[in-house]
Amino acid sequence: MHIALWIAAGLLAAAALASGVVKLALPKEKLGGRAGGEWVGESSDTFVKTLGVVEILAAAGLILPAAFDIVPVLVPVTAVGWILLMIGAMITHLRYAGGYKFAVANAGYILLAGFIAWGRFVLEPFA
């Protein structure tokens with residue numbers, strides 16, 4: 001189970017990192033023109049960039065505390081934070097035509113983060 005939880009955390013961290021980097025690297029107009037990016041038109045540039053930073057911090061929070069054995073309880077705490085973030089993302093995506101595809105992806109991230117939170121809080125907490 002320990003290895004499965006590490007794999008899940010790695011996959012979720014990779015997704016969070018990729019999403020965060022895209023939000024930081026692409027101009028708001030280009031991000032808004034991509035599939036699933038319709039919400040950007042109603043958001044400030046500062047909000048989009050801040051969201052990118054939050055996603056990069058989530059990626060770090062899923063891996064680094066356990067990897068360096070410094071407050072490893074932050075791994076499941078980060079997973080819970082990711083669940084809350086993805087609930088907001090689902091609500092946002094469902095406001096737009098075709099957004100259900102992205103909401104399904106968000107649901108997958110919620111399941112993965114729930115597995116990490118449950119696994120690290122209950123099944124295999126870090127000692």
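I call a residue buried when its relative accessible area is under 20%, exposed when over 50%, and partly exposed in between, with a 1.4 Å probe and protein chains only. The model is a predicted one, where local features need pLDDT of at least 70 and side-chain atom pairs count only at pLDDT 80 or more, while totals for chains, interfaces and linings use all residues. I number residues from 1 along each chain as its sequence is written, and side-chain values use heavy atoms, leaving out hydrogens and water.

**Entry 1: α5.** Helices are DSSP runs of H or I with at least four residues, and strands are E runs of at least two, numbered from the N terminus. I looked up α5 and found 24 residues reaching 32 Å from first C-alpha to last, close to the 34 Å expected at 1.5 Å a residue (that span is 1.5 Å times one less than the number of residues). Its buried residues are A103, N106, I110, A113, I116, A117, G119 and R120. What covers them? I found that α1 and α4 are included in the cover.

**Entry 2: α4 against α5.** Axes here are lines fitted to C-alpha atoms, for helices over the stretch in contact, with angles from 0 to 180 degrees between N-to-C directions. The two axes come within 8 Å and cross at roughly 165 degrees. α4 and α5 are therefore roughly antiparallel; the label applies over 145 degrees, with under 35 roughly parallel, 65 to 115 roughly perpendicular and the rest oblique.

**Entry 3: α1 against α5.** This pair packs at about 140 degrees, with axes 10 Å apart, so I noted α1 and α5 as oblique. Among the residues that meet are L5, W6 and L12 in α1, and L112, F115 and I116 in α5.

**Entry 4: the cores.** A nonpolar core is a set of buried Ala, Val, Leu, Ile, Met, Phe, Trp, Tyr and Cys residues joined through side-chain atoms within 4.5 Å. The largest has 19 residues, and L12, L62, A79, W82, M86, A113 and I116 touch the most other members. Two or more residues each come from α1 (2-25), α3 (45-67), α4 (74-93) and α5 (100-123), with the largest share, six residues, from α4. I then checked W82: beyond its neighbours within four places in sequence, W82 contacts L12, A16, E55, A58, Y109 and A113. Another core, of seven residues, lies apart and includes V40, V48, L51 and Y96.

Methods
Contact = heavy atoms within 4.5 Å.
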